[in-house]
Amino acid sequence: MSSHLSLSLLVLYKAKFGKVLLALLASIAFIAVLSAQFSGRQPATVSLDVGLSAIKIMIPILFALFCQELIVKESERKSFLQSLAYPHDRINFFINRWLAGLLTVLVFYFSAALLLLIIVYFISLGYSQATPVSLDGKYWVVIAFGAIDILAVSTIATLLAVVAQSPGFVLIGTIGLTIVGRSYSAVLQLLSGDNLVVDDPEQYSSGLGWVTYIIPDLGALDIRQIALYNDWSFLSSGLLHISVTSVVFSVVAMSLATLLFNNRSIA
Amino acid sequence: MKVVALKLVLGIAISMYVMLVATSSQQGRESVAAQDRIVVSAPLQVVLAFGDRFLAANFEVIRLAATGMEVNPLTETIDGKYLLRAHQAATRLNPCHEDNYYLANAILAWAGADQEANNILWSAAQCRHWDFLPAFLYGFNQYFFNRNVIEAQRGLDLAAERYEENAQAIRRFSIMIAAEELDDEAMALAYLKDQQKQVSDPALAESLQDRVVRLEGLIQLRDAQKRYEIELEESLNSPQALIDKGYLEAFPNDPLGIGYEFVDGQFKLRRLRIQGVERPQ
């Protein structure tokens, strides 16, 4: 493991993120168990559904906080002056900072997914649903596509951390852009034919087409219905395209962030 | 000295503030709760749920399950369409949601909003392309509430395709509908009582009980009409004649407050008048 990576992980550990992650795991368990109590016909499905939503809400917030700690606060504390002293390579240093955050988030993500699976399994033993959830391969396919969403969100947060003047901007900006990325395709679809919310939904949809160039359609990566209803037919044909788009977007955002950081005047 | 004065000012300011807040809340304000409950439009709900339409659907259905059965909101509030709008929003967010279509059928269809419940059931039948139940309920409702045999058979045939083990019974049901050989009130009553036994939520069970009583009232009316027509060998022209000739002591009371109607010589469950929605006659 590179010294930059281990140092970055140490920074997160020292910032007591370990306890935060454990508290978040406990809250996911609580949310999953509680939400099942509100469903009369499909407690395991609702538990899995709400549990996945809780994880997906926590990830961008968590990564934005990591970026605050690893990039913005380092800059504020002027500890970069020491970290980046010759012969350290800036690009190597920066990518390892991002990688430390991404690895920690992914470990949390897969741990949370495993915890949710165990909880939903026990809930599904209680009430025999007409349509049982899938906790085998389909569930892990959902989790895998969720990891692509995390990759894209992590690069958005990292880019914002480089251009941010204050730590709060990273958090607000990451949350805002994540909501835009995850919601715009669903919102445009729901607006079509709905004259109650906007006057001319078709024009509204075409007017917002440019958003697709700013941020990929992260909502399309949410394929949880295949696990919720145990049915592969919910996979859309455009999934591969949107996955590749999201990965390429991540490369663009990360390259841009690294270049900006490399050219930044730190002294 | 300055600190003492500052503490004094702080104490007086806090007391005044508490007093002002307390008095302002006592003034006569228009009660918002009396208007109707708010249902946020589906696109906005997606944004509020962190861009997650599934979470937004769950929030709406959990709200319905937790608060929807307290009263009969379809009739007892001024607008009275909270349940309807909330179910419709949840359907747009996730038409596959099982609790949503099930609650909509149990609560809306039997409280005078069968057409709206059928729209929700049909959306669920399209999304849940493996599930026979929404298609079956759609077909049943189309026959029982609308006497629409074509739509009823469409729903039942779809249900039969999806439920191989019971396909024969469902198809027989469909044929009986076409031949008008079905004792539909008794079947509907048996179905409602069965639903009532299955639910674990006491609020939902109580709400279904109101619907059972409403249906028993309809059966009472139709029985009286049948006896009247057999014994007197004439068609019933006015419901009042049942009381005048002693076939009924009093008209049955509908606990949902919607009542019954006598149209084309037949007693029916009265439908809810929904503003802006024109029903085919």
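Residues are numbered from 1 along each chain as its sequence is written, and chains are lettered from A and ligands numbered from 1 in the order in which they are written. Since this is a predicted model, local features need pLDDT of at least 70, side-chain atom pairs count only at pLDDT 80 or more, and totals for chains, interfaces and linings use all residues.

Let's start with chain A. The average pLDDT there, meaning the predictor's confidence in each residue from 0 to 100, is 88, and 92% of the residues score at least 70.

Chain A has eleven helices and zero strands. Along its principal axes, the C-alpha trace of chain A spans about 65 × 45 × 30 Å.

How much of chain A is buried? Of its 267 residues, 44% count as buried. Buried here means that 20 or more other C-beta atoms lie within 10 Å of a residue's own; 12 or fewer makes it exposed, anything in between is partly exposed, and the C-beta atoms are placed from the backbone. As for contacts, two residues make one if their C-beta atoms, placed from the backbone, lie within 7 Å. In chain A, among contacts with a separation of 6 or more, 76% are between residues 24 or more positions apart.

Now, where the chains meet. Chain A brings 29 residues to the contact and chain B brings 25 residues. On the chain A side, helix 3 (43-77) and helix 7 (167-191) each supply at least two residues, and the largest share, eight residues, comes from helix 7 of chain A. By class, that side of chain A has 13 nonpolar, ten polar and six charged residues. For the record, Ala, Val, Leu, Ile, Met, Phe, Trp, Tyr, Cys and Pro count as nonpolar, Asp, Glu, Lys and Arg as charged, and the others, Gly among them, as polar.

Over to chain B, with 13 helices and two strands. Of its 281 residues, 40% count as buried, and 56% of its contacts with a separation of 6 or more link residues 24 or more positions apart.

Strand 1 (residues 260-263) and strand 2 of chain B run antiparallel, joined by four bridges; strands pair if DSSP finds at least two bridges between them. They form a hairpin with two residues between them, and B:Asp264 in the turn has a positive phi of about 50°. B:Phe262 stands opposite B:Phe267, and B:Val263 has B:Gln266 as its bridge partner.

Next, helix 5 (residues 82-93) of chain B. Eleven of its twelve residues are buried, so this helix is largely enclosed by the rest of the structure. Among those buried are B:Tyr82, B:His87 and B:Arg92.

B:Tyr101 sits in helix 6 (residues 98-108) of chain B and counts as buried because it has 30 C-beta neighbours inside 10 Å. Leaving out residues up to four places away in sequence, B:Tyr101 touches B:Ile120, B:Leu121, B:Ala124 and B:Pro134. B:Met187, in helix 11 (residues 184-198) of chain B, has 15 such neighbours inside 10 Å and therefore counts as partly exposed.

Thanks, everyone!
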